[in-house]
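Visitor: I would like to learn how to read the features of a protein model one at a time. Could you take me through this one with care?

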Amino acid sequence: MCGIVGYVGQQEAAPILLDGLRRLEYRGYDSAGIAVCGDGQLRVKKSRGRLQVLSDLTHDGADLPGHLGIGHTRWATHGEPNDINAHPHVSQSGRIAVVHNGIIENYMELREELLRKGYRFESETDTEVIVHLIEMYYAGDFRKAVMKASSRLVGSYALGIVCTDAPDTVLAVREASPLILGVGIGENFFASDVTALVAHTRNVIYLEDGELAELTPDSIQVYDCSGHPITKKASR
């Protein structure tokens, strides 16, 4: 079991991500990491050990400026707990980062396909196939690439994805793993558990299996598995 969290808004993302992960640490504590987009760059920091190690390494997030990001606290399932296997995982281009809670059952099949196409793997995780799949399908439409990649996955997953080409957008996808959206004013969130969001908002949207959410500072749009927009009401 792992925990994921995401933020997009006007505040510095890294301290908010670290706070959310601290509240999710009961879901995984052998490693943690965050990825923040700012000034057209993707800054990633991850480490083995309890979350405090990551907080110390980033000076409580001050070393990763930016107003959009994703975070992960891990309980290892594929690959030993170390800095390389920790999430987020990043595409070969350095433009896309992914965090994942769940298990991809067909990851070996996808890994072999991606290896044949020239993709290189650094970790032992099932998650790394996801970020390479997204990059393989990416042709300028971030959401479309994520939906195509998600359709290839077999198993359970809650995903958070960022891309430097979409500097005001975070995507979140759910299939058989919990994922909740937090609705703010000029900022929006996602997390594995509402406990990560209560310091910022009590207005939440529960994603269902097969749904994708597109979060910007001012809006949340949810799509079904066919890419059609659907209306979801926030609850308190």
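Predicted model: local features only at pLDDT ≥ 70, side-chain atom pairs only at ≥ 80, totals over all residues.

Visitor: Which residues does the cis peptide bond join?

Guide: The bond joins His-87 and Pro-88, with omega at about 0°. Pro-88 is in the loop between strand S4 (68-74) and S5.

Visitor: How should I read the strands, and in what order do they stand in the open sheet?

Guide: The open sheet is formed by seven strands in the order S5-S6-S7-S8-S12-S13-S14, with antiparallel pairing. S5 and strand S14 (229-230) are at the edges, and because each has a single partner strand, one side of each is left without a neighbour in the sheet.

Visitor: Which way do the residues of S1 point, and are they buried or exposed?

Guide: The general idea is that side chains in a regular strand alternate between the two faces of the sheet. In S1, Gly-3, Val-5 and Tyr-7 point one way while Ile-4, Gly-6 and Val-8 point the other way, and all are buried. Ile-4, which lies in strand S1 (residues 3-8), has a relative accessible area of 0% and is therefore buried. S1 is joined by four bridges to strand S10 (residues 188-191), the two running antiparallel, and Tyr-7 is found opposite Phe-189 in S10.

Visitor: How many residues does the largest nonpolar core have?

Guide: In soluble globular proteins, nonpolar side chains tend to be buried together. Here the largest nonpolar core has 29 residues, and those with the most contacts inside it are Ile-130, Ile-134, Phe-142, Val-146, Leu-153, Leu-159 and Ile-161. Two or more residues of this core come from each of strand S6 (96-104), helix H3 (107-116), H4, H5, strand S7 (155-163) and S8. If residues up to four places away in sequence are not counted, Val-146 touches Ile-134, Ile-161, Leu-171, Val-173 and Leu-212.

Visitor: What is the volume of the largest pocket, and which residues are closest to its centre?

Guide: The largest pocket has a volume of about 240 Å³. Its lining has 13 residues, of which Lys-46, His-89, Val-90, Glu-122 and Glu-128 are the closest to the centre. Strand S3 (41-48), strand S5 (89-90) and helix H4 (128-137) each contribute at least two residues to this lining, which by class holds four nonpolar, five polar and four charged residues.

Visitor: Which residues line the second largest pocket?

Guide: The second largest pocket, with a volume of about 160 Å³, is lined by Met-147, Ser-150, Ser-151, Tyr-157, Val-173, Arg-174, Glu-175, Gly-210, Glu-211, Leu-212, Asp-224 and Cys-225. Helix H5 (142-151) and strand S8 (170-175) are the elements that give two or more residues to that lining, and by class the lining has five nonpolar, three polar and four charged residues.

Terms used: Residues numbered from 1 in each chain as written. Heavy atoms only, no water. 1 Å grid on protein atoms, 1.4 Å probe; cavity = no way out; pocket = protein on both sides within 12 Å on 5 of 7 lines; lining within 4 Å. Points joined across faces, edges and corners; volume = space filled by probe spheres on them. Nonpolar A, V, L, I, M, F, W, Y, C, P; charged D, E, K, R; others polar. Core = buried A, V, L, I, M, F, W, Y, C linked by side-chain atoms within 4.5 Å. Buried < 20%, exposed > 50% of the residue type's maximum accessible area, 1.4 Å probe, protein only. Contact = heavy atoms within 4.5 Å. Pairing = 2+ DSSP bridges.
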